[in-house]
Structures are given as C-alpha cells and as structure tokens.
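Q: Could we go through a few features of this structure one at a time, starting with the general idea and then turning to the case at hand?

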Amino acid sequence: TITVDGTPPAAPVVTAPANGSTTNNPRPTLAGTAEPNSTVEVRVDGAVVCASVVVSAGGAWSCTPASNLADGTRQVTARATDAVGNLGPASTPSSFT
C-alpha cells in the first residue's frame, strides 16, 4: 500500500519571545509549535536564523540564533516542512523588542 501525502503542514505558531514582549538578551530562545516531526525554518526580520529545526513528536520546537540580533523591534516568523517535503505557510509574525 502506498500513501500519498500532498497536504502541507499548518502554519507554525511562535510562542517565544511572546508577541509584544521585551528582552535584553541579544540571542533569545525562539520557540513555538508546529506539526510533529516536521522541520521548521525560523526567520527574524526576513533573514533565516535557524534553518532546519526538528519539531518534537509533541509538536514543540526551539532554537537560538547563532549571532546577536540588533537592538530594536524584531519580527519572528516560522515555516514548517513535513516529513515528505510539503512546505506549509509562514506563521503569523510575532514581534519583540
């Protein structure tokens, strides 16, 4: 039996840093939820900061940027790719300062 999966994963949800929050950490942990066992690409202000974050079986993901983020208001988005390569939509942007 062959199963065909042409359905993309739902958009991830960015939970950290919380939307509208403030941090003094130049490399904050970015985290959220997505389809279990998918991979997530995380962007800050449109630039990829974490390329292939593996989502746990429970649907959680997190990563820390390799370099410091500039001061100011930043916008985080994430996009999931499921195990067979279907690319889902980008998350709702989450902003923090």
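A: Let us begin with burial: a residue is called buried when its relative accessible area is under 20%. In this predicted model, cysteine 50 is buried, and cysteine 63 is buried as well.

Q: How many disulfides are there, and which cysteines form a disulfide?

A: Two cysteine sulfur atoms count as a disulfide when they lie within 2.5 Å. By this rule there is 1 disulfide, formed by cysteine 50 and cysteine 63, whose sulfur atoms are 2.3 Å apart. The pair links distant parts of the chain, since cysteine 50 lies in strand β4 (residues 47–54) and cysteine 63 in strand β5 (residues 60–63), 13 residues apart.

Q: Why is the disulfide of cysteine 50 and cysteine 63 called right-handed?

A: The torsion about the S-S bond of cysteine 50 and cysteine 63 is about 95°, and therefore the disulfide is right-handed.

Q: Which residues have the most contacts inside the largest nonpolar core?

A: The largest nonpolar core has 16 residues, and those with the most contacts inside it are Leu30, Val40, Val42, Val53, Trp61 and Val76. At least two residues of this core come from each of β3 (39–44), β4, β5 and β6. Leaving aside residues up to four places away in sequence, valine 53 touches several residues, including Val40, Val42, Trp61 and Cys63.

Q: Where is aspartate 82, and what is its nearest side chain of opposite charge?

A: Aspartate 82 is in the loop between β6 (74–81) and β7 (87–90). Aspartate 82 is buried yet has no salt bridge, and the nearest side chain of opposite charge, arginine 79, is 12 Å away.

Conventions:
Residues are numbered from 1 along each chain as its sequence is written. This is a predicted model: local features need pLDDT of at least 70, side-chain atom pairs count only at pLDDT 80 or more; totals for chains, interfaces and linings use all residues. Side-chain values use heavy atoms; hydrogens and water are left out. Helices (H or I, at least four residues) and strands (E, at least two) are DSSP runs, numbered from the N terminus. Buried means under 20% relative accessible area, exposed over 50%, partly exposed in between (1.4 Å probe, protein chains only). Lys and Arg count as positive and Asp and Glu as negative; His and the chain ends are not counted. A salt bridge is a side-chain nitrogen of Lys or Arg within 4 Å of a carboxyl oxygen of Asp or Glu. A nonpolar core is a set of buried Ala, Val, Leu, Ile, Met, Phe, Trp, Tyr and Cys residues joined through side-chain atoms within 4.5 Å. Contact means heavy atoms within 4.5 Å.
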